[in-house]
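Here's a quick tour for anyone meeting this structure for the first time. Have a look at the picture, then read on.

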Amino acid sequence: MRNTWEFYSTERIVFGNGSINQLDAILQRLKAKNVFLVTDPGIKGAGIADRVQGLLRESGYEVVVYDQAVPEPPIQTALDCFEFAKNKAATDAIIGLGGGSSIDLAKVVALLMAHGGHPSDYFGENKVPGPIAPLVAIPTTAGTGSEVTSVAVLTDVENNIKIGVSDNYLRPAVALLDPELTLGLPPYVTACTGIDALAHAVEAYTAKGSKFIPAEGPILFQGSLPISDALAMQSIELIANNLTLAVQQGSNLEARSNMLLASLLAGLAFSNAGTAAAHALAYPIGGLVKSPHGEVTGLLLPYVMAYNTAVEPSKMAKIAQAFGVKPDHRSEKELAYAASEAVLRLLKEIGLPTKLSEIGIQERHIPDIAKNALPIERLIRNNPRVPTQKTFEELLRQAL
Ligand SMILES: NC(=O)c1ccc[n+]([C@@H]2O[C@H](COP(=O)([O-])OP(=O)(O)OC[C@H]3O[C@@H](n4cnc5c(N)ncnc54)[C@H](O)[C@@H]3O)[C@@H](O)[C@H]2O)c1
Ligand SMILES: [Fe+2]
């Protein structure tokens with residue numbers, strides 16, 4: 001039995017409409033003069049990259065921009081981005097501006113700047129030897145929580161699988177969250193990213209209790225903890241009340257702000273508690289199909305919740321209530337099963353697929369998806385119900 005738990009965060013979180021104007025003050029505190037900005041063509045197209053670059057140049061910073069980040073970035077993109085940075089002037093701070101893809105790329109570059117080598121030297125848990133270069137993360141999606149997490153995810157295109165670096169040294173120095181930057185996010189991206197945040201919150205909240213995680217020594221994903229439970233539950237409520245609104249009324253700043261807060265809280269929760277089966281299964285599926293990460297985790301979530309309900313009825317019942325399901329005369333167990341149904345309804349409301357066949361997965365893929373998810377121990381051991389090849393295959397067939 002594990003008797004001790006701990007909670008990590010980024011040192012500084014700045015949140016609010018217009019907070020992008022704090023960037024100069026943030027960089028001054030980091031004593032930065034030469035800045036390397038990582039972003040992607042979508043953020044540039046939305047005018048956000050130019051606005052941030054303008055703010056930096058007005059304040060007298062030397063700025064080098066890499067705007068070729070791609071969604072679900074391959075390992076090679078991280079190497080290209082690092083090479084690009086190395087050939088420019090010395091950098092004393094890195095800015096990751098964008099969704100999880102740009103921020104994760106910025107994390108890997110900040111890691112390579114500090115410690116050299118190849119991203120694969122750090123794949124897995126607790127492989128980063130010390131602090132990374134100073135990183136300011138500015139999210140423009142409300143989903144991954146990457147601005148505060150200990151995780152960076154890349155795609156191994158040769159082996160068709162997503163792989164991650166997970167280490168508390170990977171947390172950015174500062175997370176700067178300005179909801180106004182998310183106003184132009186298209187409905188489909190809003191839906192995919194928002195449902196990913198829900199998957200983080202639900203999986204952190206329903207993770208096996210930290211005492212019962214079967215692992216020795218220091219671990220990054222510790223199972224459910226009192227602090228992550230509080231954060232995750234608040235995140236679930238915010239998403240239940242705001243995601244459909246943010247998708248349907250993109251210019252609703254209050255809904256956008258609540259979603260950005262929700263993804264932040266979920267990021268803080270899952271980067272300590274961990275995620276579980278939905279994320280483990282999403283890794284091999286993400287290597288097989290081109291769907292965004294959130295579409296895959298979101299699709300799996302209600303099926304994983306139903307799979308786990310018998311083992312975690314009391315927390316599932318609380319999730320159902322966060323979604324507005326009234327207890328009436330229902331037993332706790334009946335209420336618990338209503339949680340996965342509420343998530344399935346939400347997927348439909350926001351126009352996301354609810355079946356794996358809709359994203360190109362076929363029956364013949366199922367055994368390998370189950371087989372490749374089971375060894376992802378840091379996530380699998382968090383799942384409240386212990387999965388096997390057989391039960392994972394059954395779960396996947398239900399989702400097909
Ligand atoms: N590091 C973590 O803790 C963590 C957690 C979950 C997922 N991830 C990873 O993050 C990646 C997904 O990130 P994401 O879901 O944030 O999406 P993303 O970064 O891939 O962005 C998706 C698309 O949205 C566009 N976009 C982003 N913000 C916009 C805006 N404000 N206006 C207009 N267009 C905008 C981008 O240009 C891009 O084309 C995946 O690789 C996933 O595995 C990381
Ligand atoms: Fe995720």
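## Around the ligand

Let's start with ligand 1: among the 34 residues around it, the nearest are G42, P71, G99, G100 and S101. Here a residue counts as near if its C-beta atom, placed from the backbone, lies within 6 Å of the molecule. Two or more residues each come from α2 (41–45), α5 (100–115), β7 (151–156), α6 (187–205) and α10 (293–308), and α5 gives the largest share, 4 residues. These labels are DSSP runs numbered from the N terminus: helices are H or I with at least four residues, strands are E with at least two.

This is a predicted model, where local features need pLDDT of at least 70 and side-chain atom pairs count only at pLDDT 80 or more, while totals for chains, interfaces and linings use all residues. Residues are numbered from 1 along each chain as its sequence is written, and chains are lettered from A and ligands numbered from 1 in the order in which they are written.

## Two domains

The protein chain is split into domain 1 (12–182) and domain 2 (187–399), with bounds from an automatic or database domain assignment. Where does ligand 1 lie relative to domain 1 and domain 2? Both domains give residues to its shell, so ligand 1 lies between them.

Taken over C-alpha atoms, the domain centres are 26 Å apart.

## Where the domains touch

On the domain 1 side, 25 residues are in contact with 30 residues of domain 2; contact means C-beta atoms, placed from the backbone, within 7 Å. Strand β8 (residues 161–166) gives the largest share of that domain 1 side, with 3 residues.

Conventions:
Two residues are in contact if their C-beta atoms, placed from the backbone, lie within 7 Å.
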